[in-house]
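Here is a note for a colleague who is starting out with this chain. Please keep the sequence and the 3D view open while reading the points below.

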Amino acid sequence: MTGRKWMKAIFILSFFHSFIFLASCSEDSEEAGEWDNWQERNEAKTAEWAASSVYTKYKNFTKDQSTAGKSSDYIYVKVLESGSATESPLYMDSVRVAYRLRYIPTATYAEGYLVSQTFVGDFDWKTMGVTDLQLNSNLIDGFNTALMNMHVGDYWQVNIPYEIAYGNPASRSDIRDASNLVYEIALVDFWHPGETRPAFKARTR
């Protein structure tokens, strides 16, 4: 290879590496931008939920129910389906639920980044996966509050401010700090302490 051709090859190779480096930096920048001002954005979303007539709000069950609270003291609920049952779980009861958990929407994740779920795709009572949990201090206040107001057969969207979720800093390593949580929750069954856990039967509706 002549000296001129050699220099041309080096130039092309250097240009290629520079392009890859810049593209990588751009991707890193976009990833960083996805979560910029995350706490402020989540607090703004809580204020939006509080001001909307779309949601029914329930105050954190650990707070004084006789007085008005801050917007972050409440969960914000949209009823997607209503069951026919009349009783709700109590604190320390066990529940069987299907759920999907997301963050608030971002530029890349229009529906919100998916954190975890027991069902895939559209919710369906006949095909959903479930999990059994006990309502206690191991669960976040917002989740306990939602279930203690639900009835068997209810399927709700539940928006939870980060202050009554995992907080800031987050108390779970796999949850971002200052993250509001957007749940879909279906209450399949519940039972009291000391009662036998019922067998799971998929609903037919």
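1. Read from the N terminus on, the elements of the chain follow the order α-α-β-β-β-β-β-α-β-β, which comprises 3 helices and 7 strands. Helices (H or I, at least four residues) and strands (E, at least two) are DSSP runs, numbered from the N terminus. The model is predicted, so that local features need pLDDT of at least 70 and side-chain atom pairs count only at pLDDT 80 or more, while totals for chains, interfaces and linings use all residues. Residues are numbered from 1 along each chain as its sequence is written, and side-chain values use heavy atoms, with hydrogens and water left out.

2. Of the 205 residues in the chain, 38% are buried, where buried means under 20% relative accessible area, exposed means over 50%, and partly exposed lies in between (1.4 Å probe, protein chains only). The chain exposes about 12,000 Å², and carbon and sulfur atoms supply 52% of that area; accessible areas come from the Shrake-Rupley method with a 1.4 Å probe, and for residues only the protein chains shown count as cover. Among the contacts in the chain with a separation of 6 or more, 71% are between residues 24 or more positions apart, a contact being heavy atoms within 4.5 Å.

3. Strand E3 (residues 94–102) deserves a careful look, because 9 of its 9 residues are buried and the strand is therefore largely enclosed by the rest of the structure. Both faces are covered, with Ser94, Arg96, Ala98, Arg100 and Arg102 buried on one side and Val95, Val97, Tyr99 and Leu101 buried on the other.

4. Which strands pair with E3? Strand E7 (residues 181–191) pairs with E3 in the antiparallel sense over 9 bridges, and there Leu101 stands opposite Tyr183. Strand E5 (residues 131–134) pairs with E3 over 4 bridges, again in the antiparallel sense, and Val95 stands opposite Leu133 in E5. Strand E4 (residues 114–117) is joined to E3 by 3 bridges and runs antiparallel to E3, with Leu101 opposite Ser116.

5. Arg102, which lies in strand E3, is buried yet has no salt bridge, and its nearest side chain of opposite charge, Glu111, is 4.0 Å away. A salt bridge is a side-chain nitrogen of Lys or Arg within 4 Å of a carboxyl oxygen of Asp or Glu; as to charge, Lys and Arg count as positive and Asp and Glu as negative, while His and the chain ends are not counted. A polar atom of the Arg102 side chain does lie 3.1 Å from the backbone oxygen of Gly112. Not counting residues up to four places away in sequence, Arg102 touches several residues, including Tyr113, Asn180 and Val182.

6. By the salt-bridge rule the count comes to 6. The side chains of Arg100 and Glu184 form one of 3.3 Å, N to O. Because Arg100 lies in strand E3 and Glu184 in strand E7, this pair ties together parts that are 84 residues apart in sequence. Arg100 is buried, with a relative accessible area of 7%, and Glu184 is buried as well, at 18%. A network of salt bridges links Arg96, Asp132 and Arg197.

7. Two further salt bridges are worth checking in the view. Glu48 forms one with Lys45, the closest N and O atoms being 3.2 Å apart, and both residues lie in helix H2 (residues 38–51), 3 residues apart, about one turn of the helix. Glu48 is partly exposed, with a relative accessible area of 46%. The side chains of Asp73 and Lys63 meet in a salt bridge of 4.0 Å, N to O. Asp73 is buried, at 8% relative accessible area, whereas Lys63 is partly exposed, at 36%.

8. Leaving aside neighbours within four places in sequence, Glu34 is in contact with Arg41, Thr106, Ala107, Thr108 and Tyr109.

Conventions. Pairing = 2+ DSSP bridges. Polar contact = N/O pair within 3.5 Å; in protein donor to acceptor, adjacent residues only side chain to side chain.
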